[in-house]
Amino acid sequence: MQKQLTRIFSAGFALIWGWVFLNSVLRWQHNGLAALAAGAVLGAVLFALARFVLPLLDQLPRRRFRLLLGAVLVLHGLALGWLGFLLAEVPIMDMNTVLQSLPDFLDDGIPQVWGGYYVTCNNNLGLALLLTGWYRLVGLFGITPDTEAGIYAGIVLNVLAIWLAVVLVCMLARRILHHNSGVALTFLLAAGFLPFVLWAPCFYSDTLSLPFGLLVLLCWNYYRAEKRRPVRIALLVAMGAAAFVGYAVKGSVAVILVALVIQLFLEKKPRQALAGALVLVVMFIGLNAGYRAWQHSGLLDFSVEDEIGFPIELWFAYGSTGDGNYNDPVCQAAKDLPTMADRRQMLRQFIIEQYSSRGPLEQLDFMTRKAVITWGDGLYDAQEFLATPLKSNWTHRFILEGQPGYMPMVYYCQAYQFLLMGLVLAGAVGAVRRARPGTLTLARVSVFGLMLFLSFWETKARYSFNFTPQLILLAAATLWRLARQRRIGRKN
């Protein structure tokens, strides 16, 4: 039964992902077919490496390979840090607001001046608390967030988060593919993913939430192989806690909790799956309840919520009209109403009217346009945060629109995105035939869950960025297996 359910899910995922992939190529604002061709060339190069070169690493003892990979990862982290410093930007938008609020938190732990912002944008409180902890640490060296040194300190934390995501992807590749060549290929795909570099200077929730979903996947992989009941329970608790912390930093990480529950029923007997799901959900809900109670116990002044707050329906309203992005008239119309109840009622009515005004084909086109914006942008909106250099240098010949290197960079990023999307599609098609539920299935269920959520939520390309490590893992596993099958076929 589990295999049949996995096969059905994989087929559905392949159809939907393939449709988004096709439309991403056809609807790209530049030459999508040229970017697709460039992605195919990149894929051919990586396939040749996986087929002929990387298998040589399988001859190395695991300990020696681990030392070699560790050295390469350290160099990669240093390179990320160096480029992150070069790309340092003057913080803008909500990132700047959060940074300005940190002295409030660092002073007495309570945002006296900025409390209203965190009532309105409560989703950024977890980010602020994470950054507060970091700046308490670097404050021991006299660094404060309201200085240039403070910006560079934030970049250091951000680079560590991105680098940790790469390390965790490599660890997952070891657990799933079991070969040095598979781990090396995974690292190459992660190292070649330029958005990790472009987002290095932007210490915002999209990047700082990167490691938490991967920690869940890694714990799940250990959970599947573990026989001791106490250890299994501890791993379930750890997964629930990692999902919650990720959710506190970036709400979309909560998708992986739902994916975990689904995966339990795909792999385990109903009774065991139900018990595991109960541990996960109780852990997550318990932590979230404590988090909310702490906020209401004096951290924030929620007495102003009725006056300045926005209900969650606002972001669903954004996602129901236009291109699914921020809509100022909708925001202003909600803001003009006197109470939260009034805003909620108006927004719900607005959402119903938007969806009921479209026929089935119009709705399909609307959802497709939103999905292309979310998943088909190889820059993940990085250019939005890279337009205000702190100090101009050679990197800005590539990242600033109109500079000579900008369009080559755009085409590279888009080609790489199409490469990843194509490999994820090929892996899903292969999973229909193999139908073996496992960690890669959990990654697909997580990505599908985010796709479903963002179909109705506000639309931005960066909203899918914290799930890009899952795409890299899925792509690497597919490419490695394709190359390995060809080698086996040649030997036979």
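How much space lies in the second largest pocket? The second largest pocket holds about 520 Å³. Here a pocket is an open set of points on a 1 Å grid over the protein atoms alone, where a 1.4 Å probe fits, with protein on both sides within 12 Å along at least five of seven lines; the volume is the space filled by probe spheres set on the points, which are joined across faces, edges and corners. The model is predicted, so local features need pLDDT of at least 70 and side-chain atom pairs count only at pLDDT 80 or more, while totals for chains, interfaces and linings use all residues. Residues are numbered from 1 along each chain as its sequence is written, and side-chain values use heavy atoms, without hydrogens or water.

The pocket is lined by 23 residues, of which W28, Q29, D377, D381 and Q383 lie closest to its centre; a lining residue has an atom within 4 Å of a point. Helices α19 (360-375), α20 (382-385) and α22 each supply at least two lining residues, and α22 gives the most, with 5. Helices are DSSP runs (H or I, at least four residues), numbered from the N terminus. The lining comprises 9 nonpolar, 8 polar and 6 charged residues, where Ala, Val, Leu, Ile, Met, Phe, Trp, Tyr, Cys and Pro count as nonpolar, Asp, Glu, Lys and Arg as charged, and the others, Gly among them, as polar.

Helix α22 (residues 406-434) also packs against helix α2 (residues 32-53), at an angle of about 65 degrees and with the axes 7 Å apart. The two are therefore roughly perpendicular, a class that covers 65 to 115 degrees. Axes are lines fitted to C-alpha atoms over the stretch in contact, and angles run from 0 to 180 degrees between N-to-C directions. Contact, meaning heavy atoms within 4.5 Å, involves residues including G32, G39 and G43 of α2 and Y411, Y412 and F418 of α22. This contact has 12 nonpolar, 4 polar and no charged residues.

A second pair consists of helix α13 (residues 255-267) and helix α14 (residues 270-299), which pack at about 165 degrees with axes 8 Å apart. α13 is therefore roughly antiparallel to α14, the term for angles over 145 degrees. Among the contributors to their contact are L257, L260 and F265 of α13 and P270, G276 and F284 of α14. The contact of α13 with α14 divides into 12 nonpolar, 1 polar and no charged residues.

Conventions: Parallel < 35°, antiparallel > 145°, perpendicular 65-115°, else oblique.
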